[in-house]
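Q: Please take a close look at the aromatic pairs in this structure. Which rings pair, and how are they placed?

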Amino acid sequence: MTARSTRCTTAKTRTSRLAAVAAIAVAGSMLLTACGDQTESANTPKETGSASAGKAPLFSKLPADIQKSGVVKVGTDASYAPMEYTDGGKIVGIDPDLGEALSKQLGVRFEFVSGTFDGLITSIYTGRQQLIMSAMTDNKKRQEGLDDSGKKIGKGIDFVDYFSSGVSLLVKKGNPQGINSLDDLCGKTVAVQRGTIYEDTFKAQAAKCGDKKLTIQAFDTDAEAQTRVKAGGAVADLNDYPVASYIAKTSGGGKDFEVTGNQSDVGLFGIGVSKDNTQLRDAVKEALDAIIKDGSYAEVLKKWNVEDSAVKSATVNAGK
């Protein structure tokens with residue numbers, strides 16, 4: 001998948017996920033970053049995990065500080081339904097549900113706190129968070145701490161890969177501009193969440209379009225990008241397929257948007273963890289394999305109708 005990724009200028013070189021469900025926000029109205037710390041939103045932290053530490057099979061595999069606190073702090077951008085979003089002041093979605101399943105294996109509470117996507121990796125290294133679960137694409141740039149030009153800008157991050165997806169174009173219902181591929185965007189205006197791989201994809205397409213200029217409007221949240229498309233100010237937004245499909249199904253009762261064209265850039269979402277914390281990384285990997293084996297992983301994906309995005313086993317840094 002090509003979930004949200006990041007770009008940076010000075011210290012910043014975007015994938016993924018609003019302080020509310022993306023679709024609700026629209027109807028009412030997811031590479032490494034080394035750019036400033038994560039900013040918490042008004043979202044209430046989502047606390048998951050009711051397993052007794054003494055009974056949890058993998059509790060002893062965790063670092064001592066996490067065993068002592070009983071909590072794993074998880075950074076997310078809760079603006080990316082169905083992966084993560086807010087409902088009634090709580091962070092819900094696929095990632096929080098998977099966090100709940102993992103917590104039962106590890107015996108500690110997964111505490112989700114929302115912030116800006118492009119600050120999530122920095123939040124790991126400042127100690128604000130210990131994991132990232134935010135539909136973040138695992139890629140070599142993030143693993144190695146490189147910007148778009150290949151320059152070293154940070155330490156890099158490890159990923160435990162847990163979900164597979166491609167990206168799709170989201171257009172206004174009825175597809176009035178006849179958009180069926182990226183090439184159809186030349187000479188038009190698109191909207192996208194700032195700091196995402198999707199923005200990078202649009203930039204690459206703009207270069208390909210040449211004189212037939214592709215205008216890119218970037219926004220802080222994907223909800224703003226969706227609003228722009230809905231209002232007719234842009235012809236398309238770009239998102240991971242599960243997210244685009246969810247938005248098309250739910251926004252405006254299914255009357256606002258539709259998904260068009262084929263999925264592209266299929267890749268992996270990873271749970272991000274500091275390269276300095278291999279013990280936590282390996283414990284999470286073992287817990288992911290455990291929930292895949294016991295069926296609770298499949299239950300979560302079935303609940304959200306994303307079974308096709310399942311991985312067969314946990315991997316580390318398998319993204320390209």
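A: Rings of Phe, Tyr and Trp (for Trp, its six-membered ring) pair if their centres lie within 6.5 Å; planes under 30 degrees apart count as stacked, over 60 as edge-to-face and the rest as tilted. The model is predicted: local features need pLDDT of at least 70, side-chain atom pairs count only at pLDDT 80 or more, and totals for chains, interfaces and linings use all residues. Residues are numbered from 1 along each chain as its sequence is written, and side-chain values use heavy atoms, with hydrogens and water left out.

The structure holds four aromatic pairs. One of them joins Tyr85 and Trp304, edge-to-face, at 6.2 Å centre to centre and with 90 degrees between the planes. This pair links distant parts of the chain, 219 residues apart: Tyr85 is in strand β4 (residues 84-87), and Trp304 is in the loop between α10 (296-303) and β13 (315-316). Helices (H or I, at least four residues) and strands (E, at least two) are DSSP runs, numbered from the N terminus. Both Tyr85 and Trp304 are buried; buried means under 20% relative accessible area, exposed over 50%, and partly exposed in between (1.4 Å probe, protein chains only).

Phe163 and Phe269 form a stacked pair, because their ring centres are 5.4 Å apart and their planes are at 5 degrees. Here too distant parts of the chain are linked: Phe163 belongs to strand β8 (residues 157-172) and Phe269 to strand β12 (residues 257-274), 106 residues apart. Phe163 and Phe269 are buried.

Tyr85 and Trp304 also belong, with Tyr246, to one aromatic cluster.
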